[in-house]
Each structure stands twice: as structure tokens, then as C-alpha cells.
Amino acid sequence: MKRKIILIGSLATLMLAGTTAQADDGSLATDRLDEALEHAASFGFQHYQEIEAKGRDSVEIEGWIDDEWQAEVRLSLESGETLEEERKRRDGGAWGMSEDDVRMAMEAAVAEGLAEFDEIQVDRDGRIEIEGRDADGRELEVLSQQGESGAIDVERD
């Protein structure tokens, strides 16, 4: 009987540890995008090249503050505090997604079943890729085009 209780206790501990590890897996629920964008705008971002979830409470954002300064910043979603910051002066002008582009791409991804996102990024041709998972935990990649609503390609694993 003691063995059975120890075994059940051990299994419960392993399951709890797995849940804790999963809770900090580098994904964010799609509805937390608003928090990330709000803190990024407060920091001064005007164009976004990449937004990456870094656990359940922070994001790393790459983009442009103005036409000369590109930044890579890690922000706390709880406090809005800047955790890491790097700025570089660049020639050639700002490029990337506007806040509206980010929101439109996320709406397209959510319509395809995205529940959590890991990363949103755009290339110079305006292709936006969102990586994440659906409600069942399956990997999902949604590709859309900047300035257009709806997905142009969806990959499910």
C-alpha cells in the first residue's frame, strides 16, 4: 500500500513539474499581444520586424524607433519595464510592420486556429509569419501578406 501511495505521489509530482515547465515554454496566449504592443509603443517602437515571446511574462521586440534607430528590447509584460535594450543607428530608413499590420496578421492566424504564439516576424517583401500552437498544442505556422487580411498559407504539424 505504501508503494502505491509513493508511486501516485511521484506521478503527481512529475505531472506538476511538466505543467510548470510547459507554462514557461516561450509562448503567449494570442490575447496578450495587446499588452506587448502597448508596452512596445510606450517604449517608442513605430515599426516591428519581430515580436518573440520569452516565457509567459516577457517579449523581445526588434524594430525601429524612428528612421535612424533600430532597437532590440526585452520587455516585461507585467510591469512594462525594459529588461534588456540594444540600439543601433542604421542607414536606409525604417521598415517593418505597423501596429495595424501586426494586429491584422494575428487576426488571420487566430482565424486559422492559433491559440498561442511564439514569434511574429516580417521580411522585407512584407511576408508576415506567425509561429505558435493551436488549442490542442499542435504547432501552427500562418503566413500572411502585409496590408492584406487573411492567411496566404498555413502549415500544421
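## The nonpolar core

A nonpolar core is here a set of buried Ala, Val, Leu, Ile, Met, Phe, Trp, Tyr and Cys residues joined through side-chain atoms within 4.5 Å, where buried means under 20% relative accessible area, exposed over 50% and partly exposed in between (1.4 Å probe, protein chains only). The model is predicted, so local features need pLDDT of at least 70 and side-chain atom pairs count only at pLDDT 80 or more, whereas totals for chains, interfaces and linings use all residues. Residues are numbered from 1 along each chain as its sequence is written, and side-chain values use heavy atoms, with hydrogens and water left out.

The largest nonpolar core has 30 residues, of which Tyr48, Ile51, Phe117, Ile120 and Ile130 touch the most other members. At least two residues of this core come from each of α2 (33-43), β2, β3, β4, α3, β6, β7 (127-134) and β8 (139-145), and α2 gives the most, with five residues. With contact taken as heavy atoms within 4.5 Å, and residues up to four places away in sequence not counted, Ile51 touches Leu33, Leu37, Glu60, Ile61, Val102, Phe117, Asp118, Glu119 and Ile120.

Two strands are said to pair if DSSP finds at least two bridges between them. Strand β2 (residues 47-53) runs antiparallel to β3 and is joined to β3 by six bridges, with Ile51 standing opposite Ile61 in β3. Four residues lie between the strands in the hairpin of β2 and β3, where Gly55 takes a positive phi near 85°.

Strand β3 (residues 58-64) also pairs in the antiparallel sense with strand β4 (residues 69-76), over seven bridges, and a hairpin of four residues joins β3 to β4. Within this pairing, Trp64 has Gln70 in β4 as its bridge partner. Strand β3 is mostly covered, since six of its seven residues are buried.

## Salt bridges

A salt bridge is counted when a side-chain nitrogen of Lys or Arg is within 4 Å of a carboxyl oxygen of Asp or Glu, and the structure holds 15 of them. One of these brings together the side chains of Glu116 and Arg56 (3.1 Å, N to O); the pair links distant parts of the chain, with Glu116 in strand β6 (residues 114-122) and Arg56 in the loop between β2 and β3, 60 residues apart. Arg56 counts as partly exposed, at 26% relative accessibility.

In another salt bridge the side chains of Glu35 and Arg32 meet (2.7 Å, N to O), where Arg32 counts as buried at 17% relative accessibility, whereas Glu35 is partly exposed with a relative accessible area of 28%. The side chains of Glu99 and Arg103 form a further salt bridge (2.9 Å, N to O); because they are four residues apart in helix α3 (residues 99-111), Glu99 and Arg103 are separated by about one helical turn. Glu99 is partly exposed, with a relative accessible area of 29%, and Arg103 is likewise partly exposed, at 27%. Salt bridges that share partners also join Arg32, Glu35 and Glu78 into one network.

## Leu83 in strand β5

Leu83 lies in strand β5 (residues 82-89) and counts as partly exposed, at 44% relative accessibility. Not counting residues up to four places away in sequence, Leu83 touches Ser58, Arg74, Leu75 and Ser76. The C-alpha atoms of Leu83 and Val59, which are 24 residues apart along the chain, are separated by 9.7 Å.
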